[in-house]
Amino acid sequence: MAVRTLDDVTLDGQRVLVREDLNVPIKDGRIGDEARLRAALPTLRRLMDAGARVMVMSHLGRPKAGAFDPEASMAPVAARLGELLDCPVPVVRDWLEGDTVPAPGGIVLCENVRFNAGETDNDEALSRRMAALCDLFVMDAFGTAHRAQASTHGVARFAPDAVAGPLLAAELEALGKALKSPDRPLVAIIGGSKVSSKVTVLEQLTDRVDQLIVGGGIANTFIAAAGHGVGKSLIEADFVDTARSLMDKARAAGGEIPIPEDVIVADELSDSAEARVRDVDAVADSEMILDVGPKTAAAYAERLRQAGTVVWNGPVGVFEIDAFSAGTRALAGAIAESAAFSIAGGGDTLAAVAKYGVEDRISYISTGGGAFLEFLEGRELPAVAVLDR
Ligand code: ADP
Ligand code: MG
């Protein structure tokens with residue numbers, strides 16, 4: 001699907017309402033990681049330079065709808081954006097009233113969209129009020145594109161025109177390249193804690209990829225499905241049959257979902273636990289599997305080095321604790337070294353990417369946790385689909 005972008009519209013003098021994801025962590029009025037603000041800057045600069053009258057919307061935290069809450073105010077975001085853009089960025093509290101449209105080339109930040117009753121329910125009346133503020137709606141927040149809400153979806157239905165912003169367009173292009181026309185072999189790593197949260201992703205990828213590597217708690221369920229004891233490991237008994245049928249399906253298609261040949265175990269999940277290497281068929285009842293073992297990590301790393309495309313979601317061990325981090329570190333390193341086009345996404349995955357300092361050597365870092373997973377599931381993102389009307 002080719003969505004229309006800023007290249008396809010007039011901006012000069014237009015009232016442009018742009019949805020960004022400026023949902024940064026704020027503690028005691030101070031912004032923590034400001035990556036999301038920096039990511040939005042090129043879009044905002046481009047709109048301002050083109051003479052648009054720019055009104056920016058975002059959510060921040062999870063305030064209760066229906067009232068202003070100073071704790072979730074966009075004020076600190078506006079102050080920081082003003083510094084980064086080197087111009088005043090006023091916060092407009094009653095922006096839905098529509099009397100605070102900036103001059104051409106100017107910018108305002110609308111107060112938290114989630115203060116509005118009806119935002120998360122995609123309320124039509126609210127969506128129409130937003131749409132009435134603008135000549136053009138620009139959806140630029142990939143991380144919220146899987147949610148049909150008033151500021152991501154409803155507004156696009158009723159705005160005079162609606163297009164994808166540069167950030168969203170880049171994200172869709174990178175993900176599309178990885179999944180729709182990948183250089184082969186396409187290798188996916190799906191790790192993390194639970195099969196249940198990623199079962200649709202696993203099903204979809206089993207059909208599409210040349211090699212699916214499972215890790216983390218997810219791998220434990222596959223290890224159990226292969227008939228091995230997993231002791232006290234995190235597994236989901238309800239999903240053992242699902243894991244078995246996915247392995248059968250992969251095999252029938254001439255592929256394989258391998259299980260780790262060796263694993264790292266401990267008696268408990270703690271910083272001080274003693275880590276041991278075990279062959280996968282030798283895990284004791286008192287042990288829990290907390291990482292892939294060194295032979296497995298080396299074998300997976302080799303497959304990643306030979307890949308044409310790599311999709312990575314989910315750490316393959318409890319990487320937050322050093323004793324159980326070697327597998328995730330090895331795979332992060334192998335992806336970084338690989339010549340493959342690589343994309344990584346997911347909250348904890350990005351924490352691992354940052355921990356091992358490989359941000360710059362992964363081709364594309366997806367900004368959207370939930371939206372990234374839904375894209376991998378092959379689902380249409382509602383806030384993208386609506387742009388194509
Ligand atoms: P993401 O946020 O990247 O999608 P998830 O939220 O699915 O990833 O999973 C990340 C979590 O999975 C991490 O906190 C990690 O500690 C945990 N995890 C990884 N391997 C195991 C394991 N073997 N047992 C228990 N938890 C695990
Ligand atoms: Mg997570």
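Predicted model: local features only at pLDDT ≥ 70, side-chain atom pairs only at ≥ 80, totals over all residues.

Student: Fine. How many residues surround ligand 1, and which are the closest?

Tutor: The count is 19. Closest are Lys-198, Ile-289, Glu-320, Asp-348 and Thr-349.

Student: What classes does that shell around ligand 1 have?

Tutor: There are 11 polar residues, five nonpolar and three charged.

Student: Now the polar side chains. Where does Lys-198 come in?

Tutor: Lys-198 has a polar side-chain atom 2.8 Å from an oxygen atom of ligand 1. For Glu-320, the distance from a polar side-chain atom to a ligand oxygen is 2.5 Å. Asn-313 takes part too: an N or O atom of its side chain is 3.2 Å from an oxygen atom of ligand 1.

Student: And how much of ligand 1 does the protein bury?

Tutor: The protein buries 84% of the 580 Å² that ligand 1 exposes when taken alone.

Student: Switching to UniProt. Which "binding site" positions go with Lys-198 and Glu-320 in the record?

Tutor: An unreviewed UniProt entry lists Lys-198 and Glu-320 along with Gly-346, Gly-347, Asp-348 and Thr-349. From that set, Gly-346 and Gly-347 are in the lining of the largest pocket.

Student: Where is Asp-348 found?

Tutor: Asp-348 is in helix α11.

Student: What about the arginines the record lists for "binding site"?

Tutor: The unreviewed UniProt entry gives Arg-36, Arg-114 and Arg-147 under that feature. The lining of the largest pocket takes in Arg-36, Arg-114 and Arg-147. Arg-36 belongs to helix α1 (residues 35–49).

Student: Which other positions does UniProt place under "binding site" with those arginines?

Tutor: A further listing in the unreviewed entry has Arg-36, Arg-114 and Arg-147 together with Asp-21, Leu-22, Asn-23, His-59, Leu-60, Gly-61 and Arg-62. Of that listing, the lining of the largest pocket includes Asp-21, Asn-23, Arg-36, His-59, Gly-61, Arg-62, Arg-114 and Arg-147.

Student: On to the fold. What is the strand order in the six-strand sheet?

Tutor: That open sheet runs β5-β6-β4-β1-β7-β8, with parallel pairing.

Student: Why do β5 and β8 each have a side without a neighbour?

Tutor: β5 (91–92) and β8 (162–164) stand at the edges with a single partner strand each, so one side of each has no neighbour in the sheet.

Student: How many bridges pair β1 with β4?

Tutor: Five bridges, in the parallel sense, between β1 (residues 15–19) and β4 (residues 53–57). Leu-17 stands opposite Met-55 in β4.

Student: And what order does the five-strand sheet have?

Tutor: The order is β10-β9-β14-β15-β16; that sheet is open, with parallel pairing. β10 (211–214) and β16 (364–365) are at its edges, each with a single partner strand, so one side of each lacks a neighbour in the sheet. Inside the order, β14 (residues 309–313) and β15 (residues 341–344) run parallel and are joined by four bridges. The bridge partner of Trp-312 is Ala-344 in β15.

Student: Last topic, the backbone. Which peptide bond is cis?

Tutor: The bond from Arg-184 to Pro-185 is cis, with omega near -5°. Pro-185 is found in the loop between α5 (166–179) and β9 (186–190).

Student: And what is the phi of Asp-86?

Tutor: Near 60°, a positive value in a residue other than glycine. Asp-86 sits in the loop between α2 (75–85) and β5.

Student: Why flag those?

Tutor: Because most residues other than glycine have a negative phi, and most peptide bonds are trans.

How values were computed
Residues numbered from 1 in each chain as written. Chains lettered and ligands numbered in written order. Heavy atoms only, no water. Near = heavy atom within 4 Å. Polar contact = N/O pair within 3.5 Å; in protein donor to acceptor, adjacent residues only side chain to side chain. Areas by Shrake-Rupley, 256 points an atom, 1.4 Å probe, with all protein chains shown as cover. Nonpolar A, V, L, I, M, F, W, Y, C, P; charged D, E, K, R; others polar. Pairing = 2+ DSSP bridges. Helix = DSSP H or I, 4+ residues; strand = E, 2+ residues; numbered from the N terminus. UniProt positions renumbered as here; feature names shortened; annotations may be inferred. 1 Å grid on protein atoms, 1.4 Å probe; cavity = no way out; pocket = protein on both sides within 12 Å on 5 of 7 lines; lining within 4 Å.
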